Amino acid sequence: MTDIAPPHLAPLLMIPGPVEVSPEVLAAFSVPPPGHTAPALVEAFGASLESMRRVWSAEPASQPFVIGGGGTAAMDMAVANLVAAGDRVLVVKTGYFSDRLAEMLRRQGAATVEVAAAPGDAPDLEAVREALAGQPSGGRCTALFATHVDTSTGVRIDPEPLARLAREHGMLSVFDGVCATAGETFDMAGWDADVYLTGSQKALGLPPGLALMVASPRALAARAARRGPPPPMYLDWEVWQPVLRAYEERRAAYFSTPPTNLILALAAGLAAIEAEGVAPRIARHQQAARALRAAWRALGLEILPKRDELAANTLSAIRLPATASGAVTANDLVARISAHGVNVAGGLLHDLRNRYFRIGHMGWVIGRPDLLRRTVAAVAAALRDCGLALPAPGAASGDAERQALAALDDLPVRS
Ligand code: PMP
């Protein structure tokens, strides 16, 4: 393996989405755009929809949706189909993206019941139970919304008990998996969850531009029974369903032009995920995340999630070292990391914005320990540039970095 980065890896993109894509995905995407009726496109679209059910671990009667748009469009689609003005909806909040969900629900005219936690933490199940029990009679919540991994904090919730709690209360459960799907475990059928949504540019390992989700039969029935004016046409499940069914039957259909190159990339990306197996791929994400957390620790850095089991597989949200005076901000560090050839992201939470930074580790790069090492080395160099590097006085210079890099030694290569 060479140390010289191909042009598309310089700088190396290690923000929490979009992410570097695999050579196969890049090749599938980089062709003259096919028409939406081209046989190769019809096959790629049909196969992708079938594959989504399996990757989401969803039941056969569930419906996958794929539209042009980002994760936000997927969130809007779920809200528009399942929530009507006057509904009461529970939101489990773990950061900036669950705040966005709550704002969307309010815009839809819903009354939100919001259960939040301090930055880096997640509400416990008891708090959610109590919030449900505290609703006035006649004010039953119809749905529970939560963010599987909130990219602003790097906090991962456990969706399973929330999905089960929603079932016990006759509520739908909707999970934003934008920074999680295919990098974190999600058993849609096993947990009886109703919607799991994502965007293409994260752990699925594709370029940005697709909004994806799978809806359970119960969610589809709730759309059919929904009161009030229908959802905006572009977001309406009922408009898309016949089109998507046609593609699964390998017939072209039209409602709005799909981003055809992205559909080709989707088919290639999902095929690679299935060839490896969803569970082994998620296990690799977990292993890479653990190794990187050990590397950050070796460099003297702490992560924002308060406990290890809350830390996502897909990104690290890392605090500035306690030794950093007010004079050094996370943005300074991000700029220095970038000067060492690796793009990472600043903080998103308003209150902590300049006190932490974020590094994505999902999709293809986790099978390239050389690129993860480059990232760790760039962070170590930036810490040195900013006068924040370990070791403590007396220790040999470079020890911390050597230890941090050694934490990645056992990661398997898969390129
Ligand atoms: N939800 C989560 C958890 C996200 O991480 C993001 C994107 N960072 C979004 C929603 C919004 O996705 P997009 O930027 O593609 O609209």
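Let's start with helix H8 (residues 217-224), where Ala-219, Leu-220 and Arg-223 are buried. Buried here is under 20% relative accessible area, with exposed over 50% and partly exposed in between (1.4 Å probe, protein chains only). They sit on the same side of H8 because they cover an arc of only 100° around the axis, taken from the directions from the helix axis to the C-beta atoms. Helices (H or I, at least four residues) and strands (E, at least two) are DSSP runs, numbered from the N terminus.

This is a predicted model, where local features need pLDDT of at least 70 and side-chain atom pairs count only at pLDDT 80 or more, while totals for chains, interfaces and linings use all residues. Residues are numbered from 1 along each chain as its sequence is written, and side-chain values use heavy atoms, leaving out hydrogens and water.

What covers those buried H8 residues includes these elements, contact being heavy atoms within 4.5 Å:

| Element | Residues |
|---|---|
| Strand S2 | 63-68 |
| Helix H3 | 71-82 |
| Strand S8 | 172-176 |
| Strand S9 | 195-199 |
| Strand S10 | 210-215 |
| Helix H9 | 237-248 |

Zooming out, the chain's domain assignment gives domain 1 (12-20 + 278-406) and domain 2 (31-276), with bounds from an automatic or database assignment. Their C-alpha centres lie 29 Å apart, and the contact takes 29 residues from domain 1 and 29 residues from domain 2.

H10 (260-276) is one of the helices that supply at least two residues of the lining of the largest pocket, and H10 gives the most, with five residues.
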